Amino acid sequence: MAVQTPPVTPPTTDSEPRIRTASPKVTEELRPSMVAMLDAAPVVFDLSKVEVFYGAFRAVHDVNLKIQKNQITAFIGPSGCGKTTVLRSLNRMHDVIPGARVGGKVCYHGVDLYGPDVSATEVRRRIGMVFQKPNPFPKSIYDNVAFGPRVNGIRDRAKLDEIVEKSLRGAAIWDEVKDRLKSSALGMSGGQQQRLCIARTIAVEPEVVLMDEPCSALDPIATARVEELMRELKNQYTIVIVTHNMQQAARASDRTAFFTAELDSKTDQRTGVLVEYDVTSKIFANPSDTRTENYITGRFG
């Protein structure tokens, strides 16, 4: 599977000026006590030397990071850097792609998700996913949300009604649709469809919600609603989001991982690599790696 990547500007030397003026506006770095609080959260995912192949092509390699409970973690970086590839490894979405394979370890609460005794279906029940483009089923609003619970064996109408209302309220869309639950979901606006997809995801009560550029097709008002929703949902769920919008990462996330693509000397192909992973305020205000600073200030990407 070919991965297209724009040219990457080489890192600056120590003699070059450090440019910060174009970086997204963020608050000042968190106080040590706040950072300690984030660090104290239980680890949900522990990735060790993760690499993903599509056939012989290595799309991303040597990814090591820990994702913690009830936090929003953002993956940022230029196109082709492997951020979505890593996101999809967290709930075994690569299983459905012929020739794709994941190396290293992706542990979820200490369990290797790619172990021989682990059910991919159960993994995806616990780790839900919201895709880049809203993808409601050609069914009613009610049936979209009730789909997962029905698959899991729930048939009682009163119980389904309760789940549907709770999920739509959780996705901050209940008041907009409560009087038209039997209407087609395809008649909703794009922003409403995306929040419906979030409701459908949380209806099966996952622990983790993965979001692959969930606002890329939405207008600014709908984007703001989804970001506000993410901040509310993190009280109950762990959220991992891929975004090309650095302002969104700066506004909404607790931690940020910056990926880029570099030339692999062995294959002469560009492959994704994790450059830096830290508290979001530090990534945007005082990154440790010059490559990170070059990206967030617009020098490449």
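**Helices, sheet and a few residues**

Me: Which residues make the contact?

Reply: From α5 there are S167, L168 and G170, and from α7 there are L196, A199 and I202. By class, that contact has four nonpolar, two polar and no charged residues. Contact here means heavy atoms within 4.5 Å. For the classes, Ala, Val, Leu, Ile, Met, Phe, Trp, Tyr, Cys and Pro are nonpolar, Asp, Glu, Lys and Arg are charged, and the others, Gly among them, are polar.

Me: Good to know. Before we go on, what kind of model is this?

Reply: It is a predicted model, in which local features need pLDDT of at least 70 and side-chain atom pairs count only at pLDDT 80 or more, while totals for chains, interfaces and linings use all residues. Residues are numbered from 1 along each chain as its sequence is written, and side-chain values use heavy atoms, with hydrogens and water left out.

Me: Thanks. Back to α5 and α7: what angle do they pack at?

Reply: About 130°, with the axes 8 Å apart. That makes α5 oblique to α7. The axes are lines fitted to C-alpha atoms, for helices over the stretch in contact, and angles run from 0 to 180 degrees between N-to-C directions. Under 35 degrees counts as roughly parallel, over 145 as roughly antiparallel, 65 to 115 as roughly perpendicular, and the rest as oblique.

Me: And how do α4 and α5 cross?

Reply: Helix α4 (residues 141-151) and helix α5 (residues 157-170) cross at roughly 110°, and their axes come within 9 Å. They are therefore roughly perpendicular to each other. This crossing is right-handed. On the α4 side the contact includes I141, Y142 and V145, and on the α5 side it includes L160, I163 and V164. Its residues divide into nine nonpolar, one polar and three charged.

Me: What about α7 and α8, at what angle do they pack?

Reply: Helix α7 (residues 190-202) and α8 pack at about 20°, with axes 9 Å apart, so the two are roughly parallel to each other. Their crossing is right-handed. G191, R195, I198 and I202 in α7 meet A222, R225, V226, L229 and L233 in α8. By class, that is six nonpolar, one polar and two charged residues.

Me: Switching to the sheet: what is the strand order?

Reply: It is an open sheet of ten strands in the order β5-β4-β1-β2-β10-β9-β3-β8-β7-β6, with mixed pairing. Two strands pair if DSSP finds at least two bridges between them. At the edges stand β5 (111-112) and β6 (127-130), each with a single partner strand, so one side of each is left without a neighbour in the sheet. Helix α7 packs on the sheet, touching β6 and β7, and its direction makes about 170° with that of β6. Helix α8 packs on the sheet too, touching β3 (72-76), β7 and β8 (238-242), with a direction about 150° from that of β8.

Me: How many bridges join β1 to β2?

Reply: Eight, and strands β1 (residues 43-54) and β2 (residues 57-68) run antiparallel. V43 has Q68 in β2 as its bridge partner, and F45 has I67. The two strands form a hairpin with two residues between them, and G55 in the turn has a positive phi of about 65°. On to β10 (residues 269-279): two bridges join β2 to this strand, and the two run parallel. There H61 stands opposite V273.

Me: Last topic. Is E227 buried or exposed?

Reply: E227 is buried, with a relative accessible area of 3% (buried is under 20%, exposed over 50%, partly exposed in between, with a 1.4 Å probe and protein chains only). E227 is found in helix α8 (residues 220-233). Leaving aside neighbours within four places in sequence, E227 is in contact with Q248 and R251.

Me: And where is L218?

Reply: L218 is in the loop between β7 (208-212) and α8, and it counts as buried at 13% relative accessibility.

Notes
Helix = DSSP H or I, 4+ residues; strand = E, 2+ residues; numbered from the N terminus. Left-handed = near helix turned anticlockwise from the far one by under 90°.
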